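Could you walk me through this structure, one feature at a time? I would like to learn how to read it.

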Amino acid sequence: MEETEEIEESTNSCSTSTSSSATTVRGKKHCTEMRSEKPVYLRQKEKIIYPRSTRTLVKTAVIGGKPIEEKICMTLRTLVFGSCASPPRPEWARTGFTLRPYGQSLAFGLRAPRNTTRGLVTVVQATMLKHFLFKCNRQDTHANPESMLKPSYDRQIDVLTLTIAEIIWRCAGGFAVQSTGYSPNQSVTGNANAPRAVVALPQETPYVQHSVQYFQDGLTETLHLFEFDSLGDLEIFIKRYLYLFQDEGGPGAKLLLYSAVLSRGLSKVQADLEDPKGSILSGCPEEGPISVVILSLTGRASPHLHNGVLHVGDENTYAIPQWGVLVRSEVGFLVHEGDGQLNKQPGSRLKTPNLPIWVTLCHGHHGVLFNTNRELLRNYHAERRFEIQYFTCGGSHAILTVDTRSNSGNDSEFEGPSKECMDIAATPLEKLIRSKWQDACIQWNGTPLM
């Protein structure tokens, strides 16, 4: 509106000048100059008024790969959803990894509905934060953390690509060789020699027909499987077809879960669940099961959060090994499901990760806690008083100050009835934070964004 008024004003002044001095050459020249400047003025304004607020990826047709076999198709559906003869959970076919507007507040975040995909989407979110804050380019290492959390569109796309490839590669055993009862020359997935990542992408032709034994879902039976033995090749491939994962309302979450399970190996995932008839998503909580979170963070679909291997049994039964977390994770996991659920607490390999980023599960809700200081978990001085941010893919965002100095000094002022009242009045999120920093004093900064 301002631009239109300015143009009209300049046009009127031009007309006035022309009418008042129509017989003079200077008046005509002045009007001509004003008219010639007008298009240039509009082009300059367009750059400010009409910035590129939305951008879309090129949609390349999926070519190549190996069509999924009927046995693998039915086993995959059954292992993930519990049955291949009934329709799978519909939300997994319409939840993608949708980016928020770039260059703005919360541009680091994903946007997703609250359903059983939320656990997986939150792990993707936490891994993206790792790349935004701590895996940046050399020229960005000294950048302000605030600017790093307002990435450009190209940076968003690069980080989402790296994150999806990293999760699939980890499930293929590409980052660590662990001893899990297999032979020494095998990786965590049981594959000999080198890891083998599998990416499942849909095409149009269904390879398994609708029958009493198999209910077509429009995706699983159309998959083509692509194999990779190099992380670099995997990243290039993911970026080429990123739109299939990123599209809002698309099957991105389902494709990533399928690719992770196939990369881990169907038989190995079944063994991880410790139930020959168990499935990943059958009877799962509202925001998804813990096994999906642990599979994405560690490469193993274990339902256990403790360190290493525990042998559970008594004098009348054989001790059964329960596989927990075998190596320290880069991204951690914190859980608070109520004051009476202390047995579900993660071990130190999840509570104290290599980087100050944690996927959280608080009273059934998934979120991410993170700090922008890489040295937070390496220097006890940094842990005395620090800010920590909490974000959920539903759009909630809060900044809190955590003060742990009462733990190391005289904490008599926190003892007695006042301390009990403080614990009772604490929010579930504060109790979650205290599961990592016990008895910390927590202060909310500003009004949380809900």
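Predicted model: local features only at pLDDT ≥ 70, side-chain atom pairs only at ≥ 80, totals over all residues.

Q: How do I read a sheet, and what is the strand order here?
A: The general idea is that strands of a sheet pair through backbone hydrogen bonds, either parallel or antiparallel. In this model, 6 strands form an open sheet in the order S8-S9-S10-S11-S12-S13, with mixed pairing. At its edges are strand S8 (332-336) and strand S13 (441-449), each of which pairs on one side only. On average, neighbouring strands of this sheet are turned by 25° against each other, direction ignored.

Q: In which sense do S9 and S10 pair, and over how many bridges?
A: Strand S9 (residues 357-362) and strand S10 (residues 365-370) are antiparallel partners, joined over 6 bridges. The loop between S9 and S10 holds His363. His363 has a positive phi of about 50°, although it is not a glycine.

Q: Is His363 buried, partly exposed or exposed?
A: His363 has a relative accessible area of 43%, so it is partly exposed.

Q: How does S11 pair with S12?
A: S11 and strand S12 (residues 397-403) are antiparallel too, with 7 bridges between them. Here Tyr390 stands opposite Ala398 in S12. The hairpin of S11 and S12 has 5 residues between the strands, and Gly395 in this hairpin takes a positive phi near 105°.

Q: Which helices lie across the sheet strands?
A: Helix H4 (residues 118-134) lies across S9, S10 and strand S11 (385-391), running at about 10° to S10. Helix H11 (residues 290-298) lies across S8, S9 and S10, and runs at about 160° to S8.

Q: How can I check the length of a helix such as H6?
A: Compare the expected span with the distance between the end C-alpha atoms. At 1.5 Å a residue, the 19 residues of helix H6 (residues 153-171) should span 27 Å, and the end C-alpha atoms are 28 Å apart, which agrees. H6 is mostly covered, with 16 of its 19 residues buried. Just after H6 comes Gly173, with a positive phi of about 80°.

Q: At what angle do H4 and H6 pack, and how far apart are their axes?
A: Two packed helices are described by the angle between their axes and the distance between the axes. For H4 and H6, the angle is about 120° and the axes are 9 Å apart. The two helices are therefore oblique to each other, and their crossing is right-handed.

Q: Which residues meet where H4 and H6 pack?
A: The H4 side includes Val123, Thr127 and His131. Among the H6 residues they meet are Val159, Leu160, Thr163 and Ile167.

Notes:
Residues numbered from 1 in each chain as written. Heavy atoms only, no water. Pairing = 2+ DSSP bridges. Helix = DSSP H or I, 4+ residues; strand = E, 2+ residues; numbered from the N terminus. Axes fitted to C-alpha atoms, helices over the stretch in contact; angles between N-to-C directions. Contact = heavy atoms within 4.5 Å. Expected span 1.5 Å × (residues − 1). Buried < 20%, exposed > 50% of the residue type's maximum accessible area, 1.4 Å probe, protein only. Parallel < 35°, antiparallel > 145°, perpendicular 65-115°, else oblique. Left-handed = near helix turned anticlockwise from the far one by under 90°.
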